[in-house]
Amino acid sequence: MTQRRVGVLAIQGDFEAHAAALVRIGAEPVRVLHEKDLDGLEALVLPGGESTTISKGLARLALYEPLRAFALSGRPVLGTCAGAILLAREVENHPVRSLGLVDVVAVRNAYGTQVDSFAAPVDPGAGAGLEGLRCVFIRAPRLRDPGPGVEVLARVDGAPVLVREGNRLAATFHPELADDPRVHRLLLAGD
Ligand code: GLN
């Protein structure tokens with residue numbers, strides 16, 4: 001059986017932990033830094049990190065349009081934390097240029113400086129088999145005003161933390177840091 005090749009954007013941030021999570025579900029992680037790296041990939045992860053730095057890298061490497069084209073071709077894309085910010089239609093609180101691939105507003109660092117990082121379980125009633133998922137948040141954004149095409153799969157304290165629009169998933173937390181493969185499996189579940 002050939003392994004499923006899944007790209008992880010490697011400009012800055014959490015490449016290694018996502019790569020390890022992908023290996024755990026039997027996929028082959030591929031480092032993405034150039035447009036040609038997208039060739040032959042089944043799916044793509046935009047990791048957490050610093051969305052300001054990552055967005056500058058996307059501009060420098062001329063990756064905005066290739067990443068948009070990749071997602072619009074129907075292949076699954078998962079953005080986590082800074083990656084979710086980059087997927088949003090609009091970014092608030094020190095805006096960065098985003099890809100506009102998920103119809104939601106991302107508010108950066110919305111939990112404030114008092115609460116830098118924390119872990120919390122999803123509220124009861126999470127969809128897509130995600131009941132009981134524990135989420136690790138690190139200087140996390142909040143997502144608000146999801147458009148009509150956006151499905152909220154999981155919430156924490158009532159706020160959306162995992163949303164899906166077609167083949168795009170945006171998580172405000174770090175599924176790669178929890179020993180739970182469900183979010184990465186969800187990325188590859190659609191086909
Ligand atoms: N605070 C970061 C940002 O706004 C995101 C943090 C993360 O990805 N863990 O870009």
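Let me begin with the residue classes: Ala, Val, Leu, Ile, Met, Phe, Trp, Tyr, Cys and Pro count as nonpolar, Asp, Glu, Lys and Arg as charged, and the others, Gly among them, as polar. By these classes, the lining of the largest pocket divides into 5 nonpolar, 5 polar and 3 charged residues.

The model is predicted: local features need pLDDT of at least 70, side-chain atom pairs count only at pLDDT 80 or more, and totals for chains, interfaces and linings use all residues. Numbering runs from 1 along each chain as its sequence is written, and side-chain values use heavy atoms, without hydrogens and water.

A pocket here is an open set of points on a 1 Å grid over the protein atoms alone, where a 1.4 Å probe fits, with protein on both sides within 12 Å along at least five of seven lines; lining residues have an atom within 4 Å of a point. Of the 13 lining residues of the largest pocket, Gly49, Glu50, Cys81, Ile138 and Arg139 are the closest to its centre.

The ligand sits in this pocket, meaning that more than half of its atoms lie within 2 Å of the grid points. Which residues surround the ligand? Among them are Ser51, Ala82, Arg108, Asn109 and His174.

Turning to polar contacts, pairs of N or O atoms within 3.5 Å: a side-chain N or O atom of Arg108 is 2.7 Å from a ligand oxygen. A polar side-chain atom of Asn109 lies 2.7 Å from a ligand nitrogen. A backbone N or O atom of Ala82 is 3.0 Å from an oxygen atom of the ligand.

Methods:
Near = heavy atom within 4 Å. Polar contact = N/O pair within 3.5 Å; in protein donor to acceptor, adjacent residues only side chain to side chain.
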